[in-house]
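I opened this notebook to keep track of what I looked up. The entries follow the order in which I went through the chains.

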Amino acid sequence: MSTVSELKDATADFLERAGALTRFSSRLLWITPAGFLRPRLLAQQVYNAGALSLAIIMISGLFVGMVMGLQGHDLLARIGSEESLGTGAALTLLKELGPVVTALLFAGRAGTALASEIGLMRATDQLTAMEIMAVDPMKRVVLPRFLGGVISMPLLTGIFVMVSIFGVQLIGVQYFGIDRGQFWSEMRSYVELSDVSEGLIKGLVFGVACSLIAVFEGYNAEPTAEGVGRATTRTVVVSAVATLVLDYIVTALLL
Amino acid sequence: MRKNRAIDVSTGLFVLLGIAAIVFLVTQISNREFTSHGNAYKVVARYENVGGLKVGAPVKVAGVTIGRVEDIGYDMTVFKAVVTIDIDTRYDQIPNDSYFNIFTAGLLGGQYIGIETGGSEDYLKDGDQIEFVQNAIVLENLISKYLFGQAIKETPPGQAPAAATGSPADAGNK
Amino acid sequence: MGRQLGHPAGRGAVAGGDNVAVLCGVNYAVDHKPVLRGLDVEFRRGEVTAIMGPSGTGKTTLLRLITGQIRADAGTVVVDGQEVAGLRQAALYALRRRMGMLFQNGALLTDIDVFENVAFPLREHARLPERLVRSLVLTKLHAVGLRGAAKLMPQQLSGGMSRRVALARAIVMDPDILIYDEPFAGLDPISMGVVMRLIRSLNDALGISSIVVSHDVREIAQIADQSYILSEGQVVASGSPKELHDHPSPIVRQFMEGLGDGPVPFHYPAPDYYGQLLAAGKAAR
């Protein structure tokens, strides 16, 4: 088979997937209000996607913050502005590193969980059984998981940034001896409310993207063991790429 | 049902933690020193060059921020930038012959307005015009002035200086 | 939802032309390969109707046509007087609420226990007081003999037990039609006997119509009122178990007696045997 026809097939596949994703997301969007009518289901999924990701987010946040402290101090010491450590770190974490790293971790932990749960239900006919019982699996299974992810992501982002800034402080103030008051006041004078909102908006956007991709892949997984595995892998890969692309787009729009 | 309770509690804790983190970020990290617009009076200053001064830049006296730049416009009739300044009403004893100068924070930092207090017994009130200003220092002008000054030193008397670069408005006083 | 538990059909009673479902001239193809060709099947109300045939003849496809999961390329599928293909989602869901389906692997929801699984349709479709839900669920579980297993999780059940729970779930809304997809597959003789008796007794006691897809000839023979044998997407024989037992057609004979070779060949199509062996021998030399 020539490369050209392979390319054509790949493009056709990609377009078909993109079309399916569009139809899927518009249906999901359409039934979103119904998702809030079942708070118990929703709470369970917020737990599933958010509370269970807390450990990995906080540990990662702490270490990312500490590394930023080390690297940032080293960098700034070369140009003699160590006091700006707090500012530089806070801005970087708030606007870029926080949302992006949280999204990638989220895709790896929660995204795969969502995809494989739904994929497994697909493979064991549970979703079909629901359809036969005249229960819309989109409303019962997919939507709560999607909304759970969307709600959890901004919260996780906020927690990540907060923990990481403490990590920076741990290294900068406790270890390198930067004056604590100066650390925080420098940060306060240069970080704007718009920076905080930028970070949270990104968290929300990434949350929508990663959750959508996860539930889509799970829902359309081939009903076999390998199919579910492939869907899980694809979730992580596509989520990662989507996050980085959206990061650029959102940053460009907000700046 | 016990499992359900545990899940609900954990979820609630998670959501609270998330909201707390966001509140922390908003209040502890970001810049909220001077937000009250209600208790401020306005004065207007005109500059030949505002340089990199931005709206929202602080207005300081003796290093203390007492106001903000509220608006920067351009007056075509007098060819000057018009800067509207909000000053906190707590500080209503600024002499009306004070200098409102544009300074640069640090070597390459943002620009702000620093007030050098004068000796007048009359104080600034809402709507006043500032008489004494010092324009922003534009780096290029500084460099060309330096070069021009060097050229003058090196030419023998009676001849025109060689390094006249013909730069625009200088950084002089009013 | 309150369907009257009236008129038990009883064995042998013909509902006289009153069909609960009819397929007429149905064609269905997957990737240009025909699965069903000109299929004509009638399901009589109040009876147990079996669909039998070799693997891959489209039995499951037929079920999916009845539930409206897929649409026929040609022909009509009428269930309870309604043309399934023409129904919009709301009407389709309304129709499905009157069907119960038992899947091959039970298809219980794995994150909830047995009680909640059986209660699932009730909770989704009706706002009933909890006491009523409890009564209904326990009654249905009792009917399948698993009332004591109400608190177990699906993972803790054996194959036969999970299938019985799925059956309880299928009847919890008192459906008009019960559909069984390979209900006997993979069960030990005892469980098979249990399921067999349940299918028949539920059909008679609840006055419903049952459609059973299976290839377990002996079991079907004991409980079906009418059977259809499909081959290559068409009906090759139909009738009561006795009629099929004496049927002369070779493919029916092969199926009913479990003969290894016949109209359904043993060998997958392959090139000439000796030719292939000799060629392999030549290549080795």
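Below are my entries on the chains, their contacts and a few single residues.

**Ground rules**

I am working with a predicted model, in which local features need pLDDT of at least 70 and side-chain atom pairs count only at pLDDT 80 or more, while totals for chains, interfaces and linings use all residues. Residues are numbered from 1 along each chain as its sequence is written, and chains are lettered from A and ligands numbered from 1 in the order in which they are written.

**Chain A as a whole**

I looked up the secondary structure of chain A and found nine helices and zero strands. Helices (H or I, at least four residues) and strands (E, at least two) are DSSP runs, numbered from the N terminus. Along the sequence, the pattern of chain A reads α-α-α-α-α-α-α-α-α. The C-alpha trace of chain A spans about 65 × 50 × 30 Å along its principal axes.

I then checked burial in chain A: of its 255 residues, 49% are buried. A residue is buried if 20 or more other C-beta atoms lie within 10 Å of its own, exposed if 12 or fewer, and partly exposed in between, with C-beta atoms placed from the backbone.

For contacts, two residues count if their C-beta atoms, placed from the backbone, lie within 7 Å. Among the contacts in chain A with a separation of 6 or more, 87% join residues 24 or more positions apart.

**Two helices of chain A**

Two packed helices are described by the angle between their axes and the distance between the axes. I looked up helix H2 (residues 39-49) and helix H6 (residues 137-175) of chain A, which pack at an angle of about 55° with their axes 8 Å apart. That angle makes H2(A) oblique to H6(A). The axes are lines fitted to C-alpha atoms, for helices over the stretch in contact, and angles run from 0 to 180 degrees between N-to-C directions. Angles under 35 degrees count as roughly parallel, over 145 as roughly antiparallel, 65 to 115 as roughly perpendicular and the rest as oblique.

I noted the residues that make the contact of H2(A) with H6(A): on H2(A) they include Leu41(A), Leu42(A) and Val46(A), and on H6(A) they include Pro144(A), Leu147(A), Gly148(A) and Ile151(A). By class, this contact has seven nonpolar, five polar and one charged residues. Ala, Val, Leu, Ile, Met, Phe, Trp, Tyr, Cys and Pro count as nonpolar, Asp, Glu, Lys and Arg as charged, and the others, Gly among them, as polar.

**Between the chains**

Which chains have the most contacts between them? Of the two pairs of chains that touch, chains A and B have the most contacts. There, 16 residues of chain B are in contact with 23 residues of chain A. The side of chain B that touches chain A has 10 nonpolar, five polar and one charged residues.

Chains B and C do not touch, and their nearest C-alpha atoms are 12 Å apart.

**Strands of chain B**

I looked up strand E2 (residues 58-61) of chain B, which pairs with strand E3 (residues 64-75) of chain B in the antiparallel sense over four bridges. Two strands pair if DSSP finds at least two bridges between them. Val59(B) stands opposite Gly67(B) in E3(B). E2(B) also pairs with strand E6 (residues 111-116) of chain B, in the parallel sense over three bridges. In that pairing, Val61(B) stands opposite Ile115(B) in E6(B).

**Positive phi**

Most residues other than glycine have a negative phi. I therefore listed exceptions, knowing that most such residues are negative. Ala62(B) takes a positive phi near 55° in the hairpin of E2(B) and E3(B), which has two residues between the strands. Phe79(B), in the loop between E3 and strand E4 (80-88) of chain B, has a positive phi of about 55°. Phe79(B) counts as exposed because it has 10 C-beta neighbours inside 10 Å. Ala134(A) has a phi near 60° and sits in the loop between helix H5 (126-132) and H6 of chain A. Ala134(A) is buried, with 20 other C-beta atoms within 10 Å.

**His215(C)**

My last entry is on His215(C), found in the loop between strand E8 (209-213) and helix H7 (217-223) of chain C. Is His215(C) buried or exposed? His215(C) counts as buried, because 20 C-beta neighbours lie inside 10 Å. Leaving aside neighbours within four places in sequence, His215(C) is in contact with Met52(C) and Gly53(C).
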